[in-house]
Amino acid sequence: MKPQVYLIGSMESAKDGGTGWRETLTPKIEKWYKIIDPCKLEPSKTGMDVKESIEKIKSYRRGGQWDNFKQLLHQIITADLKAVKQAKFVILYVKPEDKLGGTLEEIIRCVDWHKRLLFICDGPISEMNSWTLYRMLEAGTKFDN
């Protein structure tokens with residue numbers, strides 16, 4: 001049985017919903033690992049694809065529909081943290097300008113649950129938010145490309 005690897009990184013602030021880098025990386029490593037891709041799992045979590053889910057979340061926020069917002073986010077968060085826990089290790093793709101929400105929690109859970117984090121910083125690592133960078137370095141190993 002192949003070890004599971006979970007792919008984390010910004011989805012909400014990524015123009016493509018975070019699908020591009022995951023689609024590029026997956027064929028390169030799927031020979032050795034079972035890939036857990038949150039973008040591909042989105043329909044099972046929310047009944048929508050990533051872009052639809054992001055738009056639904058934004059519409060709930062804009063409309064002040066907090067109960068719907070919380071219910072949808074609870075489904076996503078529960079599934080994503082379960083994936084972190086199940087993974088042998090986690091791969092993070094991040095840009096210094098990314099607005100990280102769930103990704104930051106997933107990084108912290110990697111530390112708490114002793115999961116190895118391999119990360120790719122697409123941009124100058126010196127421009128990362130200090131707190132986020134500290135957590136990334138605490139949990140993992142940086143790859144330049």
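Q: What makes strand 1 count as mostly covered?
A: Five of its five residues are buried, where buried means under 20% relative accessible area, exposed means over 50%, and partly exposed lies in between (1.4 Å probe, protein chains only). Strands (E, at least two residues) and helices (H or I, at least four) are DSSP runs, numbered from the N terminus. A word on the source: this is a predicted model, in which local features need pLDDT of at least 70 and side-chain atom pairs count only at pLDDT 80 or more, while totals for chains, interfaces and linings use all residues. Residues are numbered from 1 along each chain as its sequence is written, and side-chain values use heavy atoms, with hydrogens and water left out.

Q: How do you know that both faces of strand 1 are covered?
A: Look at each side in turn: Gln4, Tyr6 and Ile8 are on one, Val5 and Leu7 are on the other, and all are buried.

Q: Why are strand 1 and strand 3 called a pair?
A: Two strands pair if DSSP finds at least two bridges between them. Strand 1 (residues 4–8) and strand 3 have four and run parallel, so they pass the test. Valine 5 has phenylalanine 89 as its bridge partner in strand 3, and tyrosine 6 stands opposite valine 90.

Q: Which other strands join in?
A: Strand 2 is parallel to strand 1, with three bridges between them, and lysine 34 in strand 2 is the partner of glutamine 4. On to strand 4 (residues 116–121): six bridges tie it to strand 3, again in the parallel sense, with isoleucine 120 partnering tyrosine 93.

Q: What makes strand 3 mostly covered?
A: Strand 3 (residues 89–94) has six of its six residues buried. Phe89, Ile91 and Tyr93 point one way, and Val90, Leu92 and Val94 the other.

Q: Why is the unit of strand 3, helix 5 and strand 4 called right-handed?
A: With the strands pointing away from the viewer, a right-handed crossover has its path from the first strand over the helix to the second running clockwise. Strand 3, helix 5 (residues 102–112) and strand 4 make a β-α-β unit of this hand, and strand 1, helix 1 and strand 2 make a right-handed one too.

Q: How do you know that the buried residues of helix 5 are on the same side?
A: Thr103, Glu106, Ile107 and Cys110 are the buried residues here. They cover an arc of only 100° around the axis, which puts them on the same side of helix 5; the arc is that of the directions from the helix axis to the C-beta atoms. Their cover includes strand 1, helix 4, strand 3, strand 4 and helix 6.

Q: What makes one face of helix 2 the buried one?
A: Start with the buried residues of helix 2 (residues 38–46): Pro38, Cys39, Glu42, Lys45 and Thr46. Seen down the axis, they fall within an arc of 85°, so they line one face of the helix. Lys40 and Ser44, both exposed, are carried on the face turned away from that side. The buried residues pack against strand 1, helix 1 (19–29), strand 2 (34–36), helix 3 (50–62) and helix 4 (66–86).

Q: What makes a set of residues a nonpolar core, and which members touch the most others in the largest one?
A: A nonpolar core is a set of buried Ala, Val, Leu, Ile, Met, Phe, Trp, Tyr and Cys residues joined through side-chain atoms within 4.5 Å. The largest has 18 residues, and Tyr6, Ile8, Val90, Leu92, Leu117 and Met136 touch the most other members. Strand 1, helix 4, strand 3, helix 5, strand 4 and helix 6 (130–139) each give two or more residues to this core. A second, separate core of 10 residues includes Ile29, Ile35, Phe89 and Ile91. As a general point, nonpolar side chains tend to be buried together in soluble globular proteins.

Notes: Contact = heavy atoms within 4.5 Å.
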